[in-house]
Amino acid sequence: MARPPLPPFDETTAIEKIRLAEDAWNGRDPGKVALAYAVDCPWRNRAEFVTGREEIVQLLTRKWTRELDYRLIKELWTFRVNRIAVRFAYEFHDDSGQWFRSYGNENWEFDDSGLMRLRIASINEHAINSEERKFHWPLGRRPDDHPGLSELGL
């Protein structure tokens, strides 16, 4: 099953790949998100290590059960052939109403069919007041006219 755009990436196709990933994550459907990864894709996500789509679905299900009203922006850092590096930020609140902003970097490696075969994420977060939030679009896909990370000063 091919997942275009396919490597080798240029700047345009790398940005397109990133936006497709962002859109899927903002949809918060673990099963749909997992389809972008190779069946045996290893992840490093914070201090958690998972391998394969089934474990990815489990991780994302736990994540979006805890991280409510989740909104994410991803931005290209660099790319080369079949690898893309992104930086990202997302906002969410917990079940007590406390808002957080998480920041991080991801390194992605793709197979020839455009499936991610490796994902390494480094993430940190801090509590914010609701007045400090910068991501205010309705849940789901970020509107095309919403500023990205650089425009928001993040």
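**Buried charges, a cavity and a sheet**

Trainee: Why is E106 called buried?

Mentor: The relative accessible area of E106 is 1%, and buried means under 20%. E106 therefore counts as buried. Keep in mind that this is a predicted model.

Trainee: What makes R119 buried or exposed?

Mentor: R119 has a relative accessible area of 2%. The limit for buried is under 20%, so R119 is buried.

Trainee: How do you know that the side chains of E106 and R119 meet in a salt bridge?

Mentor: Their N to O distance is 2.7 Å. A salt bridge needs a side-chain nitrogen of Lys or Arg within 4 Å of a carboxyl oxygen of Asp or Glu, so this pair is a salt bridge. In general, side chains of opposite charge can pair when their charged atoms come close.

Trainee: What makes this pair a link between distant parts of the chain?

Mentor: E106 sits in strand β5 and R119 in strand β6, and 13 residues separate them.

Trainee: Why is the contact of R87 with E75 called a salt bridge?

Mentor: The N to O distance for R87 and E75 is 3.0 Å. The cut-off is 4 Å, so the pair qualifies. This pair also links distant parts of the chain, with R87 in strand β4 and E75 in strand β3, twelve residues apart.

Trainee: Are R87 and E75 buried or exposed, and how do you know?

Mentor: R87 has a relative accessible area of 16%, and E75 has 18%. Buried means under 20%, so R87 and E75 are both buried.

Trainee: What makes E67 and K63 a salt bridge?

Mentor: Their side chains meet at 2.7 Å, N to O, and the limit is 4 Å. The pair is therefore counted as a salt bridge. E67, at 6% relative accessible area, is buried. K63, at 7%, is buried as well.

Trainee: How many salt bridges does the structure hold?

Mentor: There are 16 salt bridges. Some are linked in a network, which takes in R19, E22, D23, R141, R142 and D144.

Trainee: What makes a space inside the protein a cavity rather than a pocket?

Mentor: In a cavity a 1.4 Å probe fits but cannot get out, whereas a pocket is an open set of points.

Trainee: How many cavities are counted here?

Mentor: There is one cavity of 30 Å³ or more. About 60 Å³ of space lies in the largest cavity.

Trainee: Which residues line the largest cavity?

Mentor: E106, R119 and K63 are among them, along with W25, N45, Y70, L72, K74, F88, Y90 and I123. The elements giving two or more residues to this lining are β3 (68–80), β4 (83–93) and β6 (116–128). Of these, β3 provides the largest share, three residues. By class, the cavity lining has six nonpolar, one polar and four charged residues.

Trainee: What is known of the largest pocket?

Mentor: About 230 Å³ of space lies in the largest pocket. Its lining has 16 residues, and R3, K17, L20, A21 and A36 lie nearest the centre. Helix α1 gives the most to this lining, six residues. The pocket lining has eleven nonpolar, one polar and four charged residues.

Trainee: Why are β3 and β4 said to pair?

Mentor: Pairing needs at least two bridges between two strands. Ten bridges join β3 to β4, so the two count as paired. They run antiparallel, and K74 stands opposite F88 in β4.

Trainee: How do you know that β1 pairs with β2?

Mentor: Four bridges join β1 (residues 42–45) to β2. At least two are needed, so the strands pair. They too run antiparallel, with N45 opposite E48 in β2. The hairpin of β1 and β2 has two residues between the strands, and R46 takes a positive phi near 60°.

Trainee: What makes β2 and β3 the edge strands?

Mentor: The open sheet has six strands in the order β2-β1-β6-β5-β4-β3, with mixed pairing. Strands β2 (48–51) and β3 each pair on one side only. From one strand to the next, the twist averages 15°.

Note on methods. Residues are numbered from 1 along each chain as its sequence is written. This is a predicted model: local features need pLDDT of at least 70, side-chain atom pairs count only at pLDDT 80 or more; totals for chains, interfaces and linings use all residues. Side-chain values use heavy atoms; hydrogens and water are left out. On a 1 Å grid over the protein atoms alone, a cavity is a set of points where a 1.4 Å probe fits but cannot get out, and a pocket is an open set with protein on both sides within 12 Å along at least five of seven lines; lining residues have an atom within 4 Å of a point. Grid points are joined across faces, edges and corners, and a volume is the space filled by probe spheres set on the points. Ala, Val, Leu, Ile, Met, Phe, Trp, Tyr, Cys and Pro count as nonpolar, Asp, Glu, Lys and Arg as charged, and the others, Gly among them, as polar. Buried means under 20% relative accessible area, exposed over 50%, partly exposed in between (1.4 Å probe, protein chains only). Axes are lines fitted to C-alpha atoms, for helices over the stretch in contact, and angles run from 0 to 180 degrees between N-to-C directions.
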